[in-house]
Amino acid sequence: MKALQFICILSCFQHLAFFPIASTAKQADSLNKLITKSRKFENPPNAEPRAESGCAKVYTPANLGNQVGTMEVANVIFLESPAGVGFSYSSTSSDYNTVGDKRTAADSYVFLVNWLERFPQYKNRDFYIAGESYGGHYVPQLACIILSNNKITNQTVINLKGIAIGNAFVDDGTTLQGNFDYYWTHALNSDETHAGITKYCDFVNGNISSQCFAYLVQGGEEVGDIDFYDIYAPLCNSSAPKTPSPGSVGGYVVEYEGLVLTTVRGSGHEVPSYQPERALAMISAYLRGTLPPSS
């Protein structure tokens with residue numbers, strides 16, 4: 001029996017991000033392009049970080065019908081980073097005041113090397129890194145360190161095959177613009193509001209004029225009091241079905257050279273929590289090196 005592949009999922013202290021994206025990069029060139037993009041926007045000065053629970057739910061055959069559970073597809077490590085997130089901690093209190101993207105990537109790399117030394121039976125497995133939201137920084141930057149250190153012969157070689165980032169925060173401008181594009185295309189903002197935002201807001205250069213700000217506030221008020229992590233989520237006392245109907249469209253896929261963009265229908269921000277069956281189909285296809293199934 002072929003050994004299972006090995007995934008490290010980064011749970012992190014991250015920013016809000018809503019643009020629906022789940023991508024994989026299988027080739028070093030594609031990884032480096034994504035890494036270069038994310039590093040240009042490291043530690044944005046106006047960040048409003050917030051703690052966010054990850055997708056650490058194990059779906060077994062009992063609650064996935066005839067499908068296999070996630071742990072039967074791959075061996076998975078959930079890594080909470082930086083120190084202080086979730087159950088992670090540091091014995092040096094000053095570490096909590098010196099966190100940042102570079103420190104997080106370096107600490108994560110040290111963890112992985114030490115883990116593989118402790119469990120050497122996993123050293124030769126295919127290795128993937130996955131994360132969502134602010135993982136759009138953490139995942140490619142950790143991949144960068146791995147690729148660089150793999151060239152050093154006296155270092156532990158990590159058999160990195162690809163990365164996956166879901167609903168990713170990569171830079172301030174595209175994230176904020178993506179938020180309001182998403183609201184408009186999902187009938188949560190009016191045409192008037194969207195036209196004002198498009199006309200007066202310079203997201204690329206970060207120039208937020210008073211007219212732009214007024215339209216952004218108006219857009220937020222129009223969205224109202226809903227769960228913007230999952231705008232289609234039923235109310236707590238709703239009897240609406242939480243599982244997709246058989247034969248319904250599960251999402252959309254676009255394939256590029258070394259990169260696959262997958263949009264999971266009805267998923268919200270945390271795909272495995274909101275659409276576990278579709279998430280399993282997506283990640284299973286990714287590990288096989290194929291596109292998600294058409295049916």
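In the protein chain, 75% of the contacts between residues at least 6 apart in sequence join residues at least 24 apart. The model is a predicted one, and its protein chain contains eight helices and 10 strands. Of the 295 residues of the chain, 41% count as buried, while the accessible surface comes to about 16,300 Å², of which 55% belongs to carbon and sulfur atoms.

The confidence of the prediction is described by a mean pLDDT of 77 for the protein chain, with 72% of its residues reaching 70 or more. Among the elements of the chain, helix α5, which spans residues 191–200, has the highest mean pLDDT, 97, whereas strand β2, residues 22–25, has the lowest, 35. Over residues 13–28 the pLDDT is below 50, although this stretch has 81 contacts in the model beyond near neighbours in sequence. The pLDDT is likewise below 50 over residues 34–68, a stretch for which 73 contacts beyond near neighbours in sequence are found in the model.

The largest nonpolar core has 19 residues, of which F127, I129, I146, I158 and L160 touch the most other members. At least two residues of this core are supplied by each of α2, β5, α3 and β6, and the largest share, five residues, comes from α2. Another core lies apart from the largest one and consists of 11 residues, including Y182, C201, C212 and L216.

Two of the residues named in this other core, C201 and C212, also form a disulfide, in which the sulfur atoms are 2.0 Å apart. With a cut-off of 2.5 Å between cysteine sulfur atoms, the count for the model comes to one disulfide. The torsion about the S-S bond of C201 and C212 is about 105°, and the disulfide is therefore right-handed. The pair links distant parts of the chain, with C201 in strand β7 (residues 201–202) and C212 in helix α6 (residues 210–223), 11 residues apart. Both C201 and C212 are buried. A further cysteine, C144, has a relative accessibility of 16% and so counts as buried, given that the cut-off for this class is under 20%.

The buried residues of α5 are T193, H194, G196 and I197; because they cover an arc of only 160° around the axis, they lie on the same side of α5. These buried residues pack against α4, β7 and α6, and of these elements β7 and α6 hold the cysteines C201 and C212, respectively. On the face of α5 turned away from its buried side are the exposed residues D191, E192, T198 and K199.

Several backbone features are located in loops. Most residues other than glycine have a negative phi, and most peptide bonds are trans. The peptide bond from S81 to P82, however, is cis, with omega near -5°, and P82 is found in the loop between β4 (74–81) and α2 (101–118). In the loop between β4 and α2 lies S93 as well; with a relative accessible area of 56%, S93 is exposed, the cut-off for exposed residues being over 50%. S93 and A83 are 10 residues apart in sequence, and their C-alpha atoms are 9.9 Å apart in space.

A positive phi is found at S133, with a value of about 60°, although S133 is not a glycine. S133 has its place in the loop between β5 (127–132) and α3 (135–149), and its relative accessible area of 0% makes it a buried residue. N167, which is not a glycine either, has a positive phi of about 45°. The loop that contains N167 runs between β6 (160–166) and α4 (172–185), and at 5% relative accessibility N167 counts as buried.

Methods: Residues numbered from 1 in each chain as written. Predicted model: local features only at pLDDT ≥ 70, side-chain atom pairs only at ≥ 80, totals over all residues. Heavy atoms only, no water. Helix = DSSP H or I, 4+ residues; strand = E, 2+ residues; numbered from the N terminus. Buried < 20%, exposed > 50% of the residue type's maximum accessible area, 1.4 Å probe, protein only. pLDDT = per-residue confidence, 0-100. Contact = heavy atoms within 4.5 Å. Arc of directions from axis to C-beta. Core = buried A, V, L, I, M, F, W, Y, C linked by side-chain atoms within 4.5 Å. Areas by Shrake-Rupley, 256 points an atom, 1.4 Å probe, with all protein chains shown as cover.
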